[in-house]
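Here are some notes to read alongside the model, for someone opening it for the first time. They start with the overall picture and then move to the sheet, the core and the charged pairs.

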Amino acid sequence: MRGWRRKGDNVLAGFEQQEAAVVRGLVSQVEDMLRARAEEAPQDELSELTGIRTGPSEGPDDPVLGRLLPDFHRLDPDNPSKEELDSAAALRSLHEPEVLEAKVGVAAVVMQTLPPDGGEVRLSPEQADAWLSALNDVRIALGTALDVTEDMPDELPEEDPRSPHLGVYHWLTWVQESLVQALAE
């Protein structure tokens, strides 16, 4: 990939076919997870009448979704009160649908602007913001799946099954940093 660069109000980059396939594949996987979570939302007559959507009141069991959709309220880790639990459930139920919609929306922007066979990508500032969000979501998901920590070395031994995926994680970090730098120019 040629790093992102600014040209007028837009930012541009070139992606090889394999790079485009990796980004599209990972974004699509995250998007699928988020859509599946959205489909779990309870359906009720009041929300259909009022247009007020509600989501699940409990956080996801999946650790990747848990990182993508964290609690909206910090709980006392040792002994959460009933009020804290009720507040956290209410906030999740009210706000998770909007968060899911936003995350699925930024994924869609990446899928629309990145040609499947690679090539040049030209983004408006709004599209670039969507890319940053989508890349962040992919990095969070991949980092959680790989159990990436601050102490983790940049490279793992070849026999570690996470090794090739860690390289993808670092490459995505570079893609995101390159985009941030181009936007700051």
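1. A word on surface first: accessible areas here come from the Shrake-Rupley method with a 1.4 Å probe. On that basis the protein has an accessible surface of about 11,000 Å², and carbon and sulfur atoms account for 50% of it. Keep in mind that this is a predicted model.

2. Now the overall layout. The protein has 185 residues, and 37% of them count as buried. Its C-alpha atoms fill a box of roughly 50 × 45 × 30 Å along the principal axes. You'll find six helices and three strands, and going along the sequence they come in the pattern β-β-α-α-α-α-β-α-α. Among contacts with a separation of 6 or more, 67% are between residues 24 or more positions apart.

3. Next, the sheet. Its three strands form an open sheet in the order β1-β2-β3, paired antiparallel. β1 (2-7) and β3 are the edge strands, each pairing on one side only. From one strand to the next, the twist averages 20 degrees. Between β1 and β2 there are four bridges, and if you want a spot to look at, Arg6 stands opposite Val11 in β2. Helix α6 lies across β1 and β2, and runs at about 15 degrees to β1.

4. On to the core. The largest nonpolar core has 41 residues, and the ones with the most contacts inside it are Trp4, Phe15, Leu34 and Trp131.

5. Trp131 deserves a look of its own. Leaving out residues up to four places away in sequence, Trp131 touches Trp4, Phe15, Val109, Val110, Thr113, Leu114, Val121, Leu123 and Leu179.

6. Then the charges. Side chains of opposite charge can pair when their charged atoms come close. The structure holds five salt bridges. One of them joins Glu96 to Arg37, with the closest N and O atoms 2.8 Å apart. Glu96 sits in helix α4 (residues 82-113) and Arg37 in helix α1 (residues 17-39), so this pair ties together parts that are 59 residues apart in sequence.

7. Are the two partners, Glu96 and Arg37, buried or exposed? Both are buried. For Arg37 the relative accessibility is 5%, which is why it counts as buried, the cut-off being under 20%. Arg37 also forms a salt bridge with Glu40, where the closest N and O atoms are 3.5 Å apart.

8. Another bridge to check is Lys103 with Asp137, whose closest N and O atoms are 2.7 Å apart. This pair also links distant parts of the chain, 34 residues apart: Lys103 is in helix α4 and Asp137 in helix α5 (residues 125-146). Lys103 counts as buried because its relative accessibility is 15%, and Asp137 counts as buried at 5%.

9. One last thing on the salt bridges: through shared partners, Arg37, Glu40 and Glu96 are joined into one network.

How values were computed: Residues are numbered from 1 along each chain as its sequence is written. This is a predicted model: local features need pLDDT of at least 70, side-chain atom pairs count only at pLDDT 80 or more; totals for chains, interfaces and linings use all residues. Side-chain values use heavy atoms; hydrogens and water are left out. A salt bridge is a side-chain nitrogen of Lys or Arg within 4 Å of a carboxyl oxygen of Asp or Glu. Buried means under 20% relative accessible area, exposed over 50%, partly exposed in between (1.4 Å probe, protein chains only). Helices (H or I, at least four residues) and strands (E, at least two) are DSSP runs, numbered from the N terminus. A nonpolar core is a set of buried Ala, Val, Leu, Ile, Met, Phe, Trp, Tyr and Cys residues joined through side-chain atoms within 4.5 Å. Contact means heavy atoms within 4.5 Å. Two strands pair if DSSP finds at least two bridges between them. Axes are lines fitted to C-alpha atoms, for helices over the stretch in contact, and angles run from 0 to 180 degrees between N-to-C directions.
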